[in-house]
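Here is a brief report on one protein chain.

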Amino acid sequence: MKTRQSFPENVRVLEHVWIPLSDGIRVAAKIWLPACAERMPVPAVLEFIPYRKRDVEAVGDSITHGYFAGHGYACIRADLRGAGDSEGVLEDEYLAQEQQDCLEILNWIAAQPWCDGNIGMMGISWGGFNSLQLAALRPPELRAVITVCSTDDRYADDVHYMGGCLLGDNLSWASTMFSYNACPPDPSLVGGAWRDMWLSRLEGSGLWLKKWLEHQRRDEYWRHGSVCEDYSAISCPVLAVSGWADGYSNAVFRLLAGLSVPRMGLIGPWSHKYPHFGVPGPAIGFLQEALRWWDSWLKDKGPGGMDEPMLRVWMQDSVPPNTRYRHRPGRWVAETSWPSPRIELRTYHLHPGHLLLPEPAAEAGSVTIQSPLSVGLYAGKWCSYAAPPDLPHDQREEDGGALVFETEPLLDRLEILGAPVLALDVSSNRPVAMAAVRLSDVAPDDKATRVTYGLLNLCHRNGHSEPEPLQPGRIYSVRVPMNHIAQSFPPGHRLRISISTSYWPLAWPSPSPVRLRVHIGPSSLELPVRPEREEDAGLRVFPEPEGAPAPAVRQVQPKEHAWRVIRDLGRDEATLEVIKDEGSFCLEDIDWSVSARAREWYTYQGDDFDSVRGETLWERSFRRGEWSVRTTARTVLTSTSESFQIHAELDAFIRNERVFARNWRYEIPRDHV
């Protein structure tokens with residue numbers, strides 16, 4: 001990324017500003033103000049997230065918000081109530097209290113002498129969520145949003161559940177926030193109140209994993225904050241962005257189809273990152289693109305891209321399987337609307353071992369599968385956070401425990417854009433069962449790269465609100481949608497569909513081993529084939545990434561990212577160990593040292609479904625001179641056929657003195673999961 005040194009406007013940074021709320025709580029904000037705002041009010045851009053403006057996000061915030069401010073926008077990066085340097089306690093994600101706080105913050109910003117009353121909201125992940133949620137509340141100050149790597153549907157398409165199946169990332173993400181909520185504010189900003197603020201968080205934030213496991217179906221808990229419940233509530237323009245290695249790309253397509261406001265979609269090859277930090281590459285000059293959007297809707301300058309196609313995506317070329325990519329080869333393609341009338345559905349019928357274009361199999365036979373728990377060890381993470389190696393491995397490692405259907409080698413290049421769907425006629429020997437479906441690109445050397453996948457809890461075959469148990473032996477017609485994707489398949493390659501009854505640890509297994517019977521005749525794959533579009537060659541070229549200068553950071557201890565599959569053949573036990581160690585770094589301008597280390601273990605033994613176990617351990621520390629704080633947060637999730645069991649521990653230390661310790665133990669009944 002190019003660091004830009006000069007801008008149209010000089011920028012003044014207000015390191016710490018208190019924003020008062022009506023209940024007496026104060027939210028901490030960092031503000032970048034262009035010099036012109038002192039003589040002429042300017043539009044503002046708000047990002048409102050829990051990820052610590054003081055340290056964790058300090059570099060990215062400066063690069064992004066310093067850039068907008070240099071182009072004439074007042075930029076506000078506020079910590080959520082109970083997070084970072086803000087007062088109060090953060091008790092869960094996307095609460096009504098959070099939305100009320102944000103409404104008050106928008107009102108406060110609009111009333112400042114440096115703001116002209118026009119405000120945009122943006123954010124990646126959490127900030128993308130609440131940008132959409134606030135847009136649905138229609139505050140008069142909010143004129144446009146940019147939502148990156150977020151969702152419109154908190155149940156069906158978030159980190160918690162997928163297709164009605166409990167995701168392993170539900171535990172991982174709950175543990176991440178368990179650790180974040182135990183972090184202290186910076187005493188140099190909040191003063192002597194820091195200890196009481198910190199202890200209030202330790203006491204009051206709670207164990208979010210318990211709340212999320214108490215809602216295993218789509219109920220009012222998940223409907224709250226899901227803007228898909230009423231797209232018409234959003235009346236301001238929306239720019240929706242994601243990446244194919246991210247967990248949230250599907251939402252871009254639904255937003256384009258569901259909203260009636262001016263809207264655009266952008267999807268690159270990236271993981272869960274802003275596109276100017278995009279990995280896998282190519283990264284793009286996203287801040288320049290965002291600036292065009294803000295100039296159009298907050299300053300009435302130019303079309304902001306609305307004179308270009310509605311949807312622009314990176315059509316990925318075929319690549320060998322790898323758990324990390326620095327760059328994904330491909331090209332930018334576009335559609336003028338979504339759904340696109342240009343997309344052609346091509347149906348491949350399932351035959352024993354084969355995917356064929358002709359009519360369904362004349363003889364309606366069936367095949368069965370009962371997958372071992374090992375299927376999924378090489379699946380990678382539900383959402384890649386650019387902490388490689390967290391992408392899926394060669395699918396040959398998985399396909400020995402799956403039903404496999406494959407085309408003949410392709411005679412011509414094939415490109416798809418959209419969500420492939422596997423239509424199945426299927427029966428189960430158990431009342432609770434899942435189907436995991438994968439589409440892979442198989443090269444002439446037989447290496448298999450996963451292109452996309454989907455999960456379906458078969459109890460959710462008629463919807464996620466009222467799951468129904470299966471009647472063993474009864475045949476059900478179901479549809480398993482896979483994640484949207486743009487992918488090209490070269491001549492000589494084959495398409496492979498793999499079906500398994502488990503996908504651990506990406507998804508928590510069914511209560512007991514399941515045998516599915518797939519009835520061949522009526523079952524088929526629907527593939528969204530995209531004809532090439534001549535106009536793609538003339539698309540505007542994205543600029544190279546650039547940003548504002550960032551604060552000086554010195555890496556004190558190195559980072560370590562690792563995924564290890566450990567097989568103990570003597571015990572017939574397997575463990576996936578995940579290490580995400582950010583090492584230790586020092587923000588030199590403020591003499592503030594931070595370290596963060598996470599380890600996760602996902603284990604099973606043989607075919608014992610009661611042996612499945614997930615454990616996470618987070619360690620964080622903060623230091624300035626003689627002052628130091630550290631925390632450890634450990635969570636263990638196990639299950640039986642009847643319930644989930646949670647055991648969690650939280651310890652906090654000032655220097656080497658333990659000042660807080662608590663254990664939690666809960667048992668939560670399984671609800672058709």
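## Overall fold

Buried residues account for 64% of the 673 residues in the protein chain. The model is a predicted one. Its secondary structure comes to 11 helices and 34 strands. The radius of gyration is 25 Å, close to the 26 Å that the globule rule gives for 673 residues, so the chain is as compact as a globular protein of that length. Along the principal axes, the C-alpha trace spans about 80 × 60 × 45 Å.

The accessible surface of the chain is about 24,300 Å². Carbon and sulfur atoms hold 49% of that surface. Charged side chains number 70 positive and 88 negative. The centres of these two sets lie 2 Å apart.

Strand β20 covers residues 434-442. How many of its residues are buried? The count is 9 of the 9, so the strand is largely enclosed by the rest of the structure.

In a regular strand, side chains alternate between the two faces of the sheet. In β20, Met434, Ala436, Arg438, Ser440 and Val442 point one way. Ala435, Val437, Leu439 and Asp441 point the other way. Both sets are buried.

β20 pairs with strand β21 (residues 448-457) in the antiparallel sense, over 9 bridges. Leucine 439 has threonine 452 of β21 as its bridge partner. The two strands form a hairpin with 5 residues between them. In the turn, aspartate 446 has a positive phi of about 80 degrees.

β20 also runs antiparallel to strand β24 (residues 494-500), joined by 7 bridges. Here valine 442 stands opposite arginine 494 of β24.

Strand β25 covers residues 516-529. Of its 14 residues, 12 are buried, so β25 too is largely enclosed by the rest of the structure.

| Partner of β25 | Residues | Sense | Bridges |
|---|---|---|---|
| β14 | 344-351 | antiparallel | 6 bridges |
| β16 | 366-369 | antiparallel | 4 bridges |
| β19 | 421-428 | antiparallel | 7 bridges |

Histidine 349 stands opposite serine 524 in β25. Threonine 368 has arginine 517 of β25 as its bridge partner. Leucine 422 stands opposite leucine 525 in β25.

Valine 42 sits in strand β4 (residues 42-49). Is valine 42 buried or exposed? Its relative accessibility is 5%; the cut-off for buried is under 20%, so valine 42 counts as buried. Not counting residues up to four places away in sequence, valine 42 touches Pro34, Cys36, Ala37, Gly72, Tyr73, Ala74, Trp114, Cys115 and Asp116. Valine 42 and leucine 298 are 256 residues apart in sequence. Their C-alpha atoms are 9.1 Å apart in space.

Leucine 80 lies in a loop, between β5 (74-79) and α2 (96-110). Leucine 80 is buried, with a relative accessible area of 1%. Which residues does leucine 80 contact, leaving aside neighbours within four places in sequence? They are Phe48, Ile49, Pro50, Ser86, Leu90, Glu98, Trp126 and Asn130. Leucine 80 and isoleucine 520 are 440 residues apart in sequence. In space they are 52 Å apart, C-alpha to C-alpha.

Threonine 631 belongs to strand β32 (residues 627-639). Threonine 631 is buried, at a relative accessible area of 4%. Leaving aside neighbours within four places in sequence, threonine 631 is in contact with Ala182, Trp198, Trp618, Glu619, Arg620, Asp651 and Ala652.

Terms used: Residues numbered from 1 in each chain as written. Heavy atoms only, no water. Rg over C-alpha atoms; globule rule 2.2 N^0.38 Å. Buried < 20%, exposed > 50% of the residue type's maximum accessible area, 1.4 Å probe, protein only. Areas by Shrake-Rupley, 256 points an atom, 1.4 Å probe, with all protein chains shown as cover. Lys, Arg positive; Asp, Glu negative; His and termini not counted. Charge placed at Lys NZ, Arg CZ, Asp CG, Glu CD. Pairing = 2+ DSSP bridges. Contact = heavy atoms within 4.5 Å.
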